[in-house]
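Colleague: Before we discuss this model, could you take me through what its labels rest on?

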Amino acid sequence: MHSEFVTSVPYLHTERLVLREYRRQDFDAFAAHLADPVSAAHLGPSDRHAAWRIFCSQAGLWLIHGAGWWAVEDKETGQVVGTVGAFFREESTVMELGWNTYRAFWGRGFANEAAAGALDYALEIRREPTVRALIASANASSLRVARRLGLTYEAETEIYGKAVGIYTLEREGSLGQGYGNTREANKRSQ
């Protein structure tokens, strides 16, 4: 018996970026990012074998939940500059946002732009009532991105043995004003 299972990863377009599915040729940059102790300081460095498992599991989330991670591609150069996700953890019903910019591309606003695209997808397309991000208190750059997106600190939790803050945002109408104002602020800051 032949069975065919097909899923698609939505393409998202921002001013400078395309958020698209992971491709095999994206893996070397992904693995280098996770092996770099500076880039992976808040995640913990991973060797190539562990990076492959992470890469495949992030790509596979689209099959399990219909949500997952995108490769972030610079429209101008075609280079992959990082990853961004709008996904669910195993036992969570709240969509989580995550973002990583590869070190060669730090300081260009790619994380802000990609995360804003993922946030818009989560709240406006999927109509998720709440999104969250888990961020280590020492991760100043991710905390800045979360603030720009309008996420606010909710509580402390632990993941993989590390303390992290939970930052959340509710869809407009659930909480009120934050998201709409943040979208305008993001446009001004880019």
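Modeller: The protein averages a pLDDT of 88, and 87% of the residues score at least 70, where pLDDT is the predictor's confidence in each residue, from 0 to 100. Over residues 175-190 the pLDDT is below 50, and this stretch has 18 contacts (heavy atoms within 4.5 Å) beyond near neighbours in sequence in the model. The model is predicted, so local features need pLDDT of at least 70 and side-chain atom pairs count only at pLDDT 80 or more, while totals for chains, interfaces and linings use all residues. Residues are numbered from 1 along each chain as its sequence is written, and side-chain values use heavy atoms, with hydrogens and water left out.

Colleague: What makes up the surroundings of Glu96, leaving aside its neighbours within four places in sequence?

Modeller: By that contact criterion, Glu96 touches Gly85, Ala86, Phe87, Arg89, Arg132, Ala133 and Leu134, once neighbours within four places in sequence are left aside.

Colleague: How do the residues lining the largest pocket divide?

Modeller: They divide into 25 nonpolar, 17 polar and 7 charged, where Ala, Val, Leu, Ile, Met, Phe, Trp, Tyr, Cys and Pro count as nonpolar, Asp, Glu, Lys and Arg as charged, and the others, Gly among them, as polar.
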